[in-house]
Amino acid sequence: EQEAEQRKKELEEQEEEQDDEYYKWKGSIALEEEGCVSSEDDECAEQDLLQQFLEEVQTQKICLLEDLSAKFRINVDRVVALIEDLQTQGRLDGVFDDHG
């Protein structure tokens, strides 16, 4: 029983030391900017591309697929896929092709 109390006291002291260390470090660390975690880089890049793509289409109003492909350095099939994704999400409408 005495050993159990001693062990409990040691654990409490250790926890207190860890808390002190945490608060010491917490005060000296500041978040200057947020970004994407490396495992989320692809997802973040995809969202960024999608947002830039949407802004370009909305700004230009009339866009050739080939021009968008060249500007964003992606193939035309990818441009079509992005447009379809944006339409599905309801973020882009009024899209016409050369057939009307």
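Predicted model: local features only at pLDDT ≥ 70, side-chain atom pairs only at ≥ 80, totals over all residues.
Start by selecting helix H3, residues 65-72, where Leu-68, Ser-69 and Phe-72 are buried (under 20% relative accessible area; exposed means over 50% and partly exposed lies in between, with a 1.4 Å probe and protein chains only). Helices here are DSSP runs of H or I with at least four residues, numbered from the N terminus. Look down the axis of H3: its buried residues fall within an arc of 100°, so they line one face of the helix. That arc is taken from the directions that run from the helix axis to the C-beta atoms. Now turn to the other side of H3, where Glu-66, Ala-70 and Lys-71 are exposed.

Residues are numbered from 1 along each chain as its sequence is written, and side-chain values use heavy atoms, with hydrogens and water left out.

Next, click on Ser-69 in H3. Why does Ser-69 count as buried? Because its relative accessibility is 13%. Leaving aside neighbours within four places in sequence, Ser-69 is in contact (heavy atoms within 4.5 Å) with Ile-74, Asn-75, Val-76 and Val-79.

Follow the chain to helix H4, residues 76-89. Asn-75 caps the N-terminal end of H4, with a side-chain oxygen 3.2 Å from the backbone nitrogen of Asp-77. Which residues of H4 are buried? They are Val-79, Leu-82, Ile-83 and Leu-86. Seen down the axis of H4, the buried residues fall within an arc of 95°, so they line one face of this helix. Asp-77 and Thr-88, on the other side of H4, are exposed. Gly-90 follows H4 and has a positive phi, near 80°.

Select Phe-53 to see its partners: not counting residues up to four places away in sequence, Phe-53 touches Leu-68, Phe-72, Val-79, Leu-82, Ile-83 and Leu-86.

For the last stop, look for salt bridges (a side-chain nitrogen of Lys or Arg within 4 Å of a carboxyl oxygen of Asp or Glu). How many are there in the whole structure? A search finds 3.

- Glu-56 pairs with Lys-71, with the closest N and O atoms 3.2 Å apart. Glu-56 is in H2 and Lys-71 in H3, so this pair ties together parts that are 15 residues apart in sequence. Glu-56 counts as buried at 16% relative accessibility, whereas Lys-71 counts as exposed at 52%.
- Glu-10 pairs with Arg-7, the closest N and O atoms being 3.8 Å apart. The two are 3 residues apart in helix H1, residues 2-28, and are separated by about one helical turn.
- Lys-24 pairs with Glu-21, again with a closest N and O distance of 3.8 Å. Lys-24 counts as exposed at 54% relative accessibility, while Glu-21 is partly exposed at 38%.

Key: Expected span 1.5 Å × (residues − 1). Polar contact = N/O pair within 3.5 Å; in protein donor to acceptor, adjacent residues only side chain to side chain.
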